[in-house]
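I opened my notebook to look up pockets, the interface, salt bridges and cavities, in that order.

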Amino acid sequence: MTGGSSAQTAAVEAVGLTKSFKSTVALRDCTITVPEGRICALVGPNGSGKTTLLRCLAGLARPSAGVVNVLGHAPGQDHEFLANVSFLAQDVPLWKRLTAKDHIAIGARLNPRWDTTGARHRLAQLEIPADKPVGTLSGGQRAQVGLALALAKKPKLLLLDEPLAALDPLARRHFLGVLAEDVSEGGLTVLISSHLITELHRVSDYLVLLAASRTQLCADVDDIIGSHRLVKCPGGGGERVPAGVKVVNSFRSARETTMLVRAGAASFEPECEVHSVGLEEIVLGYMSQGAPADLRLLHAQGGEG
Amino acid sequence: MNYLVWRQHRNQLGFAALGLALLAVILVPTGVHLASAYSAAIKGCGSPGTCTDVGTGLFANYGLLFDLIGLTAVVPALFGLFWGAPLVAAEIEAGTQLLVWTQTVTRRRWLAVKTAWMLAAAAVWGAAISLLVTWWSGPVNAVDQSRFSLGHFDTQGLVPVGYAVFAVALGIGVGAIARRVLPALAMTLGVFTAVRFAIDYVLRPHYLAPRTAVFPLGSQSAPPSGSYWPINSSILDASGNVFDKVHLVAASFPAACRSLLGSAPFDRCLGSHGWKALVEFQPANRFWTFQAIETAIYLALAAVLVLVAFVAVERHDA
């Protein structure tokens, strides 16, 4: 990984993507690039526009403004686009009265590449009854059926909206393992939205962070971790930030100021402690921007870097 | 896509097949019985026109079946409710449009195949029920001479096919706009009923300009004949003034006839004084023309509604 995305072909590109529904703006001026072959975590607080972004990429929602490019096409009603993009919606919509087997058989007739044996094998492995109406399955089992269908399509881009929510920890790990395996075979890019940052971090090497309906971060995970620091300076002033350093979030107590900063190799004053910081802390730091001080999570973490 | 339609709708089709079979089980034996009883009854009196009381004995035990025949007019609405309204609305309500619209099938094709199957099913079922009812009603049509009346015109011939196709198209169109099953059901039922009533009572009498027959009051074999549809009737006095029956007062009549008012020879007396009856009517031989016109109207409405559904689905934005 070089960290630069420009050298690689982008699987997903959005420039100034805005989507509004009547009076509410669900996504504002979103600009992202996800290179091919990555597993990209899409994170952000509730209502930050993750679902809207995924639906725009899947061609289900039409952008109000901006440009979307998915695998070199604008999302639309053409076979090439539809065949190459797989979308698993939140809450895993399935035809309740039909069985998993029915769903697989239907998918086989609606898609040019379809891995029937793979999908059946996956469900058998997870001991999910393929002959029962999916409405009678548990939420976790339905999610697995939805994931099996999304993968069976053999897409080039897989869009997953909160796929982990219904899964137990073991199933999550198994699923993410399968995902990583499929991506390693090449030709697949995954965008996966979730609140489970730590678990996503296990497989994802790219991250898009939406907050306040805007893109806050869009970069290689290693680059994100490498460019952020947690800085603690004594005293409540805390305005001694070197040039070129962006303060993402800060918390001041009478004793010290804690800041999440994005910086290169900037040097802070000697009395300040500089720690490296984990992905989850970085994400939370961005997500709690502008939140009331007692809701900012920054101060809760020590400098375990 | 055909496989998807079959998987999703085979239960509905199964129920509809069962219902149709049940109707056939009831109507076929009784129809055979009715037809033989009818042919035996008219043997004695030549043509149906000359033995007017033949129906009284013949149909006495068929009251329930007449009700059943009348009820078949409701069946198209059921197609609209069960096949039409949920077609798009149930998918959107359950969120499964997100599943099916991200398979390698365009929305247009998805809707086209589903709609085509449902409309075809409606046409087939509508035609089958109409065939049964029309055949069963043969003796009734011959005796009652009332093919234009409600419960007869709208359960026989071509129009049930038009109603069924319209009802399903209505359900699909309304469902695509409402996006929720319950409102779609309510609107389908409401609009279907309103359209049926409006066309039955307002439009149908005017498909073609009615014929007019003028004949002396009290004449024995007055036109029109056969299974005609009276639209309007009035009375002309000797000098050609038209009276609505409500506007007639005793003083309007010729003096010679006034004493007969209320008795049987009164009409004949008026007739002999040059008074005439005027009847506006749709003649019996226009039955199939009217059936064709009405079916065409419903099919045209169905086409508009299908178009509405396509526009709504293409524009759907999640």
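**Entry: the largest pocket.** I began with the lining of the largest pocket, where α1, α4 and α9 (181-203) of chain B each supply at least two residues. Helices here are DSSP runs of H or I with at least four residues, strands are E runs of at least two, and both are numbered from the N terminus. I noted that α4(B) makes the largest share of this lining, with nine residues.

Before going on, I wrote down the ground rules: this is a predicted model, in which local features need pLDDT of at least 70 and side-chain atom pairs count only at pLDDT 80 or more, while totals for chains, interfaces and linings use all residues. Residues are numbered from 1 along each chain as its sequence is written, chains are lettered from A and ligands numbered from 1 in the order in which they are written, and side-chain values use heavy atoms, with hydrogens and water left out.

I then looked up the volume of the largest pocket, which is about 720 Å³. Of its 26 lining residues, the closest to the centre are A:Trp95, A:Arg97, B:Gln8, B:Gln12 and B:Ala90. For the search, a 1 Å grid is laid over the protein atoms alone; a pocket is an open set of points with protein on both sides within 12 Å along at least five of seven lines, a cavity is a set where a 1.4 Å probe fits but cannot get out, and lining residues have an atom within 4 Å of a point. Grid points are joined across faces, edges and corners, and a volume is the space filled by probe spheres set on the points.

I sorted the lining by class and got 13 nonpolar, five polar and eight charged residues. In this scheme Ala, Val, Leu, Ile, Met, Phe, Trp, Tyr, Cys and Pro are nonpolar, Asp, Glu, Lys and Arg are charged, and the others, Gly among them, are polar.

**Entry: the second largest pocket.** I found about 470 Å³ of space in the second largest pocket. It has 19 lining residues, and B:Ala16, B:Gly19, B:Val75, B:Leu78 and B:Phe79 lie nearest its centre. α1(B) gives the most to this lining, with eight residues. I counted the classes as 16 nonpolar, three polar and no charged.

**Entry: where the chains meet.** I looked up the contact (heavy atoms within 4.5 Å), and it takes 25 residues from chain B and 30 residues from chain A. Chain B and chain A bury about 2600 Å² between them, 59% of it on carbon and sulfur atoms. In chain B, the residues that lose the most area to chain A are B:Tyr3, B:Thr102 and B:Thr104, together 25% of what that side buries. Buried area is the accessible area (1.4 Å probe) that two parts lose on being put together, summed over both.

I also looked up salt bridges, where a side-chain nitrogen of Lys or Arg is within 4 Å of a carboxyl oxygen of Asp or Glu. The rule finds two across the interface of chain B and chain A. In one pair, B:Asp317 bridges to A:Lys19, with the closest N and O atoms 2.2 Å apart.

**Entry: a bridge within chain B.** B:Glu93 lies in helix α4 of chain B and B:Arg180 in the loop between α8 (159-178) and α9 of chain B, so the pair ties together parts that are 87 residues apart in sequence.

**Entry: cavities.** I counted six cavities of 30 Å³ or more. The largest cavity holds about 100 Å³ of space. Among its 14 lining residues, A:Phe87, A:Leu149, A:Ala150, B:Leu99 and B:Gln103 are closest to the centre. I sorted that lining into nine nonpolar, four polar and one charged.

The second largest cavity has a volume of about 60 Å³. Its lining includes A:Trp95, A:His103, A:Leu149, B:Leu99 and B:Gln103. Helix α3 (residues 100-110) of chain A brings the largest share, four residues.
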